[in-house]
Protein chains: 2
Amino acid sequence: MLNSPLVTESTMLCLIGAMLVPMKLCDELPEYTVHYFDQRVDHFGFHKRDTFRQKYLIYDKEFVERGPIFFYCGGEMHVELHAKQTGLMFTWAREFKALLVFAEHRYYGDSMPYGETSFYGSERRGYLTTEQALADYATLAAHLKANRTGAAKSDLITWGSGYSGMLAVWMRVKYPHLAKLAYASSAPIGYYSGEVPCGKFLKSVTAVFKSESESCAQSIRRIWNVLQSMASSRDGMTFLGEAFNTCQPVRGDNISNLFRWLKESFRTISMLDFPYETDLFGKLPAYPVKEACNYLWNHQQTERDLMRATYKAVSVLYNHTGEVVCYSLDNTLRNNAGWGFQACTELIMPVCSDGMEDMFNPKAWDLKRVQRKCMNKFGVWPDPQRLKTIFGGASGLNNVENIVVTNNQRDPWFDGGILTGSEGVTVISIRNGAHGHDMRTPHDKDPISVTWARSRVRAVLRRSISPFLNYVLG
Amino acid sequence: MLNSPLVTESTMLCLIGAMLVPMKLCDELPEYTVHYFDQRVDHFGFHKRDTFRQKYLIYDKEFVERGPIFFYCGGEMHVELHAKQTGLMFTWAREFKALLVFAEHRYYGDSMPYGETSFYGSERRGYLTTEQALADYATLAAHLKANRTGAAKSDLITWGSGYSGMLAVWMRVKYPHLAKLAYASSAPIGYYSGEVPCGKFLKSVTAVFKSESESCAQSIRRIWNVLQSMASSRDGMTFLGEAFNTCQPVRGDNISNLFRWLKESFRTISMLDFPYETDLFGKLPAYPVKEACNYLWNHQQTERDLMRATYKAVSVLYNHTGEVVCYSLDNTLRNNAGWGFQACTELIMPVCSDGMEDMFNPKAWDLKRVQRKCMNKFGVWPDPQRLKTIFGGASGLNNVENIVVTNNQRDPWFDGGILTGSEGVTVISIRNGAHGHDMRTPHDKDPISVTWARSRVRAVLRRSISPFLNYVLG
């Protein structure tokens, strides 16, 4: 009975651990345990002997001997957040008798190699690389297989969404003896491997808003000029400070943060356009794009009204619950030391806008400028070819196998995904899915395309570990 | 016509570049060119910006656009030596229209990251690891594909024998987007991944000698006790110095080098038991095991005669031409800083002898002792599990594909090879081949098993690049 999609992807019930419960409880994950594992700071040389404690989460209530290990490859956030947004692992744990592991990425969350000083100097931060993170995962995976009761012969399946999805794929590429199969959702490898034109991403963000309302996208396109013109006068800046409820007065030296914050808000809203309430980086309403556009439906309103409406629109993202007192111009949503460094070293993503095909202010992609900035900030010189040489990019995966990727078409990261399948790479496109949609806990509001994609992924997973399942399920 | 094994593996002729020439000339390789490429000392972090010049050889006389790249992954020696012992690449260059590349391994030959001080301190020598070496090859391969005329769409096939063969396999495992196929000969991955009992290797050396003459093996088994007893008296040591023609007097503090040197000599002779004269680390006669045993046929000779005979036997290896004036007890054949370090870090090979099933003096494998020694010498603590975690060992290759390995049964390294094939891994056993036999220039004295193995390897290679070959060969 558990094999039937109608139960595990129920329209009204969901599975937590062994229990079928009403859907509204599904946000509550079953209790996992927290662990730490000693890792070498450097896996590839013998010049340094430092170690650090890597955090990982375990859920083993459904695991039986020789069941598979679902291994989530943590990305750019606290590992608990990954568990929260990957409910599908919990949903499937029972059916697959799987051991769930969520491993935290080095230099994020609580896995700081040198505590609060982890980013002081290149000698400390220099070990934040994708290859080192993958070696952490490989070492932890080998340790778990060797030491967890019943796991010695378990097939390990890597999971990940977004950057984590990239890592899940690369685990399969680089450690095929440890990772039997990789399942990646919305993994934008192509964006970081120089395979997608720089304008594509913001065009896709625009498309998500346009699909809600043309007028909304037109309103957003107006914002930047209005901001620019208001920022040129003292009165205008005073008004902006009030309209956007900033903690500090808006001034010439922080106005660019206001631009960046607004842009990032629209980008993020477009990624997280789920048909139900979510709580990832903060609470979001169902269909947040629609919610934001409710304030921006009239692209001909006055400049001041447009600014007030814009504030309300982005508050959908950062202040859905009304708890935020004021917005600090010192911070942006992605104010994250780890990601800043990775974006200057390996994860180079060309982004540009022309203000015509997209709804942002025109901005060219200037690699030299980025390189100079990175040199000043971290003493590193970004090489946009690097990731492609190491991992082959999104289009170079035809020599590998046992990978299943899902690409959510309503996600602006879509175009950077692995879009071409092969004998060994199963590619599933999800017409109405948002970023990483399929890996979330199944929900009665999920579009059919998401539910269908999950059943296809399940079939691939079942096939890859079928001898065991046949044995256990009889 | 070139497709016929009867020509390219001729009994009386061999192919150098475009010319069929009499076999005796085959030792002469066609002229390659020497190049250098700037590599980062560290590929996996951003704490260090040092670079070094990696040496590589190119032979492009037969290359045509889109022809494959035969990429030899250099190992623990000067890259020229690899070219010399891999005549098959030259032999096949024309048929495959291939570009030949021989890349030198970092910290060997002329590819020293810090010149003569490359082994001073862990900050310098610490970057000698297999993973760094593979990243060098990947970076060089990507560079060649991007910059060599006609190579952009070339399939890259990695080649290697012995340690190089291990690297060739791992290039395919770790960089499948760059390496289409790996061809490895006599690659003893299992020996270095803790998958073979420690006694196996010296038993296999013994078997090679036994296959020549039981009495010879018995003579060698006597050597160690005789040495031990002579070393206990001043007279005995004086005699040993004369018998073994040592440059220094034999004393209590260097007698262990004499033991080691003799053992290594027998090991090496058994590896290089080719049916024709060779010139690798020095000139060797055809069938060197038989030559050595010619002096050791009588295991009942007097102790002093046995010592004199032993000297003559090992002189087959190190003084075939009679040019060596005396043997220095300061050096052993494998006195090689790079290998010493690798054998203390990643390349841990358990070796023991019992003096019963093998012809050596009994010696247990003592990991703790090795670890303490390595700690004293290099400040590193060998982890015998490490290589298996990183690469999966010889028995964990069932999740990969496009690999062809040959195992030469007359090679004592045989048992550590990848012995089990799968859908993606073609395993070819060569009954009468010595170490890396199949990769050498075809020779009229080659056993049929070697010639047959080459034709099977060729078929795998042809299949893997067939669209191109079909196009060019019509």
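## Aromatic pairs

Counted over all chains, the structure contains 61 aromatic pairs. The model is a predicted one. A:F70 and A:W159 are both buried.

Another pair is formed in chain B by B:W261 and B:Y318. Their ring centres lie 5.0 Å apart and their planes are at 75 degrees, so the pair is edge-to-face. B:W261 is placed in helix α11 (residues 255-271) of chain B and B:Y318 in helix α13 (residues 303-318) of chain B; the pair therefore ties together parts that are 57 residues apart in sequence. B:W261 counts as buried because its relative accessibility is 1%, and B:Y318 counts as buried at 15%.

In chain A, ring pairs also join several residues into a cluster, made up of A:Y163, A:Y191, A:Y192, A:F201, A:W339 and A:W413.

## Charged groups over rings

The charged end of B:R53 sits over the ring of B:Y36, at 4.2 Å from the ring centre. B:K290 lies over the face of B:Y287, and here the distance to the ring centre is 6.0 Å.

## Relation of the two chains

Chain A is superposed on chain B by a rotation of 180 degrees with 0.0 Å of shift along the axis, and the RMSD is 0.0 Å. The two copies are thus related as by a two-fold rotation axis. Among the residues of chain A, A:K174 comes closest to this axis, with its C-alpha at 2.4 Å.

Of the interface residues of chain A, 100% are also interface residues in chain B, so the copies meet through the same surface.

Helix α6(A) is mostly covered, with 12 of its 12 residues buried. The buried residues include A:Y163, A:W170, A:R172 and A:K174.

Helix α5 (residues 130-147) of chain B has 18 residues and reaches 26 Å between its first and last C-alpha, close to the 26 Å expected at 1.5 Å a residue. Helix α5(B) is mostly covered as well: 14 of its 18 residues are buried.

## The nonpolar core

In soluble globular proteins, nonpolar side chains tend to be buried together. The largest nonpolar core of this model has 239 residues, and A:F71, A:M307, B:F71 and B:M307 are those with the most contacts inside it.

Leaving aside residues up to four places away in sequence, B:F71 touches B:V101, B:A103, B:Y137, B:L140, B:A141, B:L144, B:L156, B:I157, B:T158 and B:W159.

## Residues with positive phi

Most residues other than glycine have a negative phi. A:N402 is not a glycine, yet its phi is positive, at about 60 degrees. The residue lies in the loop between α16 (386-391) and β11 (403-408) of chain A. A:N402 counts as partly exposed because its relative accessibility is 25%.

B:S186 likewise has a positive phi, near 45 degrees. Its position is in the loop between β8 (181-185) and α7 (189-192) of chain B. At 3% relative accessibility, B:S186 counts as buried.

## Partly exposed residues of chain B

B:E357 lies in the loop between α14 (337-345) and α15 (367-378) of chain B. With a relative accessible area of 48%, B:E357 is partly exposed. Residues up to four places away in sequence aside, B:E357 touches B:K203, B:T206 and B:R221. B:E357 and B:L317 are 40 residues apart in sequence, and their C-alpha atoms are 24 Å apart.

B:R308 is located in helix α13 of chain B. At 39% relative accessibility, B:R308 counts as partly exposed. B:R308 and B:V34 are separated by 274 residues in sequence and by 44 Å in space, C-alpha to C-alpha.

Conventions: Residues are numbered from 1 along each chain as its sequence is written. Chains are lettered from A and ligands numbered from 1 in the order in which they are written. This is a predicted model: local features need pLDDT of at least 70, side-chain atom pairs count only at pLDDT 80 or more; totals for chains, interfaces and linings use all residues. Side-chain values use heavy atoms; hydrogens and water are left out. Copies are superposed by least squares on the C-alpha atoms of residues with pLDDT of at least 70 in both. Contact means heavy atoms within 4.5 Å. Rings of Phe, Tyr and Trp (its six-membered ring) pair if their centres lie within 6.5 Å; planes under 30 degrees apart count as stacked, over 60 as edge-to-face and the rest as tilted. Buried means under 20% relative accessible area, exposed over 50%, partly exposed in between (1.4 Å probe, protein chains only). Helices (H or I, at least four residues) and strands (E, at least two) are DSSP runs, numbered from the N terminus. A charge sits over a ring if NZ of Lys or CZ of Arg is within 6 Å of the ring centre and within 35 degrees of the ring normal. A nonpolar core is a set of buried Ala, Val, Leu, Ile, Met, Phe, Trp, Tyr and Cys residues joined through side-chain atoms within 4.5 Å. The expected span of a helix is 1.5 Å times one less than its number of residues.
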